[in-house]
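Take a look at the model below.

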Amino acid sequence: MTSQALPISTTETTSASSSATSTPTLTTLRTFLTRLFSSLRTTLSNRRPWLELVDRTAFSRPLSLSDATTRVRKNFSYFKINYLTILAIVLAFSLLSHPFSLLTLLSLVAAWLGLYTFRPSDQPLVVLGRTMSNREVLGILVLVTVIVVFLTSVGSLIITAVLVGVGIVCVHGAFRDPEDLFMDDQDTAGSTGLFSFIGGPSGGSNVIPLV
């Protein structure tokens, strides 16, 4: 009597493989968010006191255009984190007042995170039976980003918000006399390390460790 090999179901194997691949992705995402919020906290801790920013006694009209330019440069060096916070608030307010643009931008960010940043390098993207390389995925994402930013209302909304924020910063910097400010480098590390956790595909992960 000959023995007959029984068919082996691959359901459990597929499930185990899926679980094994999703766990590193979740771990990478959790690490990314932890480092993001830690970097933001470090950066915001270096901001100047807001009362010093709006001190009415320190405001005066600049003597000339060159004086206004010098003031803006000095004030930006001193209030850099505060100014970036103001820009972020203006941008956030603009996006919240336009839900469709906010949803479009969030979808674009989710596509970048899911298809490129957090996709394991050993799991190629397969579309209609065709395996896409990292370069092809990056090219498609860049093309979609250009289309979304420049051919929809998202781009004009972001540009308008940034211009409004920059206008506020320039007006404040031109009329805020920086003579009473003491320059130092306490916020250099925080501002330069804010985006140091973002990177492209490398090895087994697409996220470069924060150093």
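Which residues make up the largest nonpolar core? Leu-53, Tyr-78, Phe-79, Tyr-83, Ile-86, Val-90, Ala-161, Val-169 and Leu-181 do, 9 residues in all. A nonpolar core here is a set of buried Ala, Val, Leu, Ile, Met, Phe, Trp, Tyr and Cys residues joined through side-chain atoms within 4.5 Å. Buried means under 20% relative accessible area, exposed over 50%, and partly exposed in between, with a 1.4 Å probe and protein chains only. Helix H4 (80-96) and helix H7 (153-175) each supply at least two residues of this core. H4 gives the largest share, 3 residues. Helices are DSSP runs (H or I, at least four residues), numbered from the N terminus.

This is a predicted model, where local features need pLDDT of at least 70, side-chain atom pairs count only at pLDDT 80 or more, and totals for chains, interfaces and linings use all residues. Residues are numbered from 1 along each chain as its sequence is written, and side-chain values use heavy atoms, without hydrogens or water.

Now follow one core member. Leu-181 touches Glu-52, Asn-75, Tyr-78, Phe-79 and Arg-176, not counting residues up to four places away in sequence. Contact means heavy atoms within 4.5 Å.

Two of those partners also pair with each other. Tyr-78 and Phe-79 form an edge-to-face aromatic pair, 4.8 Å centre to centre with 85° between the planes. Rings of Phe, Tyr and Trp (its six-membered ring) pair if their centres lie within 6.5 Å; planes under 30 degrees apart count as stacked, over 60 as edge-to-face and the rest as tilted. Tyr-78 counts as buried because its relative accessibility is 7%. Phe-79 is buried at 0%. Ring pairs also link Phe-76, Tyr-78, Phe-79 and Tyr-83 into a cluster.

Another pair sits in helix H5 (residues 99-117), where Trp-112 and Tyr-116 are 4 residues apart and so separated by about one helical turn. Their ring centres are 5.9 Å apart and their planes at 85°, so this pair is edge-to-face. Trp-112 is partly exposed at 24% relative accessibility, whereas Tyr-116 is buried at 10%.

Next, Trp-50. This residue lies in helix H2 (residues 50-53). Is Trp-50 buried or partly exposed? Trp-50 counts as partly exposed because its relative accessibility is 35%. Leaving aside neighbours within four places in sequence, Trp-50 contacts Asn-82, Thr-85 and Ile-86.

Finally, Leu-151. This residue lies in helix H6 (residues 134-151). At 67% relative accessibility, Leu-151 counts as exposed.
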